[in-house]
Amino acid sequence: MSKLSFVEDYTGKKLTRSEVEYWSSVFNANLMVASEIEMEYGTEYIDDLEEEIEQQGGVHYFGNGIETVKDDGSLDNGAEMTTSPRRIYSFKQLYSGFKYIVNQLMPYEPIIHERASWHNHVSLSNIDDVKAQEFDVPDIIFVNTFALMRKFAPALFFMTSTLPESRNAYTRFSYFCCTEKAKSHNNTLNTREKIVRHYGNTRYNCFNPDRMSSSRFHYELRFSDAMCFPVPMATLQIIFKAIVLKAIELSQFGQINCNMTRKEFNLFNFRNE
């Protein structure tokens, strides 16, 4: 992994130290992550899953953290379970939530393959789009968040792959998500609108910022394979939050230079042999 550097001729507004402290506190207290767990199932009775959850408190019930359960048309016998947006407070908090959900899925024989996926929506707003910030999020926070996402993309793709017997150990991104734009991200981008134009041609990119606007911090991570493992699911959501907080901290120094060579981006450097 190349060393971190900053764009020398950056002319945009950096954060002051007080702004770093303000936005760090806002994001630390209010950043939410919601998950879409899209799985294929071996049992013919997948329609019973929603009914069973209803009997245990139902969707929209705060105790189980499940927002919706619905059919997934991209899978042969699949379902999508969406969690409520959750603040990232502790590993135990996240682990217990995912453990409950996984326990509901196991009787239906979940199947992991390259089309099954685990999407994560990272935002400062809840399911009803109630926003947590009083002001527009500064452009540089958006830009540096995506720069760090690109910087750590090979490691993130590796950590979220769940089919090591695959030819190259990278399943979801290899077969379904577009990574070319992650490799070619232009370091001169300096506004969230340009990021959206760069990544936003299709919702099936690894990083989907289509829902971003001048007053809304919201992007979707689509590169993760489906998984039924509460420990890495909880750990990865903590990492997703940590990347945003690091982007805020570094925004006092300018725009992160995310130029990378093909060799530096090469996913096989992270392959689990």
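A residue is called buried at under 20% relative accessible area, exposed at over 50%, and partly exposed in between (1.4 Å probe, protein chains only). The model described here is predicted: local features need pLDDT of at least 70, side-chain atom pairs count only at pLDDT 80 or more, and totals for chains, interfaces and linings use all residues. Residues are numbered from 1 along each chain as its sequence is written, and side-chain values use heavy atoms, with hydrogens and water left out.

Helices (H or I, at least four residues) and strands (E, at least two) are DSSP runs, numbered from the N terminus. The expected span of a helix is 1.5 Å times one less than its number of residues. For the 15 residues of helix 3 this span is 21 Å, and the end C-alpha atoms of the helix are 21 Å apart, in agreement. Leu94, Gly97, Phe98, Ile101, Val102, Gln104 and Leu105 are the buried residues of helix 3. These residues lie on the same side of helix 3, because they cover an arc of only 155° around the axis; the arc is that of the directions from the helix axis to the C-beta atoms.

Phenylalanine 91 belongs to helix 3, which comprises residues 91-105, and has a relative accessible area of 36%, so it counts as partly exposed. Together with Val231 and Ile238, Phe91 makes a nonpolar surface patch of about 230 Å². Patches are made of residues with over 30% relative accessible area and no salt bridge; like charges are joined within 9 Å, and nonpolar side chains (Val, Leu, Ile, Met, Phe, Trp, Tyr) within 5 Å. The accessible areas come from the Shrake-Rupley method with a 1.4 Å probe, and for residues only the protein chains shown count as cover. Asparagine 103 is also found in helix 3 and is partly exposed, at 40% relative accessibility. Asparagine 103 and cysteine 228 are separated by 125 residues in sequence, while their C-alpha atoms are 9.0 Å apart in space.

The loop between helix 3 and strand 5 (110-111) contains glutamate 109. This residue has a positive phi of about 55° although it is not a glycine. Glutamate 109 is partly exposed, with a relative accessible area of 48%.

Two strands are taken to pair if DSSP finds at least two bridges between them. Strand 8 (residues 218-221) pairs with strand 6 (residues 117-123) in the antiparallel sense over four bridges. In this pairing, valine 122 stands opposite tyrosine 219 of strand 8. Strand 8 is also joined to strand 7 (residues 207-208) by two bridges, and these strands run antiparallel. Here leucine 221 in strand 8 is the bridge partner of phenylalanine 207. In a regular strand the side chains alternate between the two faces of the sheet. In strand 8, His218 and Glu220 point one way, Tyr219 and Leu221 point the other way, and all are buried.

A further antiparallel pair consists of strand 2 (residues 66-71) and strand 3 (residues 78-83), with five bridges. A hairpin of six residues joins strand 2 to strand 3. Lysine 70 stands opposite glutamate 80 in strand 3.

Four salt bridges are found in a search of the whole structure. A salt bridge is a side-chain nitrogen of Lys or Arg within 4 Å of a carboxyl oxygen of Asp or Glu. One of the four joins lysine 13 to glutamate 19, with the closest N and O atoms 3.1 Å apart. Lysine 13 counts as exposed at 55% relative accessibility, whereas glutamate 19 counts as partly exposed at 25%.

Arginine 17 and glutamate 21 also form a salt bridge, at 3.8 Å from N to O. These two residues are separated by about one helical turn, because they are four residues apart in helix 1 (residues 17-30). An α-helix has 3.6 residues a turn, so residues three or four places apart point the same way. Arginine 17 is partly exposed at 46% relative accessibility, as is glutamate 21 at 48%.

In helix 9 (residues 230-250), glutamate 249 and lysine 246 lie three residues apart, about one turn of the helix. Their salt bridge has its closest N and O atoms 3.1 Å apart. Glutamate 249 is partly exposed at 34% relative accessibility, and lysine 246 is partly exposed at 37%.
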